[in-house]
Amino acid sequence: MLASLKYYCPRVHQLAFFCSLSPRHRIIAEGGIPPTQYEFEREKWAMGERFGRYGQRGGVDIRQLWPSVEEIEEINALRMYRTAKEAEQISKTNVEKEQIRRKNRLDRIERNWQTHDEQLAEFHQRAIQSEIDKESSEQELERKVEEVKNFFGYWVDPNDPRFAVMLQHKEQSAKLEAKMASKKTKKYGQVKTVSNLTSNTTTDKTKTKKSAAKLSSAANE
């Protein structure tokens, strides 16, 4: 590296760089005006750039840069240029809008300042409620994780995609068990009702027989 620095010559490197340039770029590097070589340089936008960069020395016929009737109509339709009166009116309107915007902003700041204490209290209340909800949500998640663990016999990460499927399966199993228990309870209630009805019927028959016997005994006397 020291040897390369020892024989380094800025002039030689500058000359080597200059020699590596194309003829067109050599002219530009020397401050000259390159000739028109490519087809795109004859287009209106390219000639406009050339005239703007080099002026009359660029050899551009400025008559070719003048917009056509169609281009003028398009410019007027797009309203790219405005008269001084229109520009003044637009500026005046913008100033009025800015004044209204600033006034509304100051009014809003004043209203907010008047209700600052109330809004601050509401903010703290929402923060406390958010912490409570977060803690409740975490407890609910822990409960679900524990239920899945007890049902399947092993712990599952709640971030695991299988956890949602396993939890759904566990809930469906719980619903099925509750449904079966409800059917058993209902069936037992129906059996008990039939038994009560049978017992009541037997009791009524016994009472009827006893009443008939009493009436028969009274008639014989």
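1. The largest nonpolar core consists of six residues: Val145, Val148, Val156, Phe163, Met166 and Leu167. A nonpolar core here is a set of buried Ala, Val, Leu, Ile, Met, Phe, Trp, Tyr and Cys residues joined through side-chain atoms within 4.5 Å; buried means under 20% relative accessible area, exposed over 50%, and partly exposed in between (1.4 Å probe, protein chains only). At least two residues of this core come from each of helix H7 (116-152) and helix H8 (161-220), and H8 gives the most, with three.

2. The model is predicted: local features need pLDDT of at least 70, side-chain atom pairs count only at pLDDT 80 or more, and totals for chains, interfaces and linings use all residues. Residues are numbered from 1 along each chain as its sequence is written, and side-chain values use heavy atoms, with hydrogens and water left out.

3. Leaving aside residues up to four places away in sequence, Leu167 touches Lys144 and Val148 (contact: heavy atoms within 4.5 Å).

4. The protein chain has eight helices and zero strands, as DSSP runs numbered from the N terminus (helices: H or I, at least four residues; strands: E, at least two). Among contacts between residues at least 6 apart in sequence, 6% join residues at least 24 apart.

5. Of the 221 residues of the protein chain, 8% count as buried.

6. Phe40 lies in the loop between helix H3 (23-29) and helix H4 (44-54). Phe40 is partly exposed because its relative accessible area is 43%.
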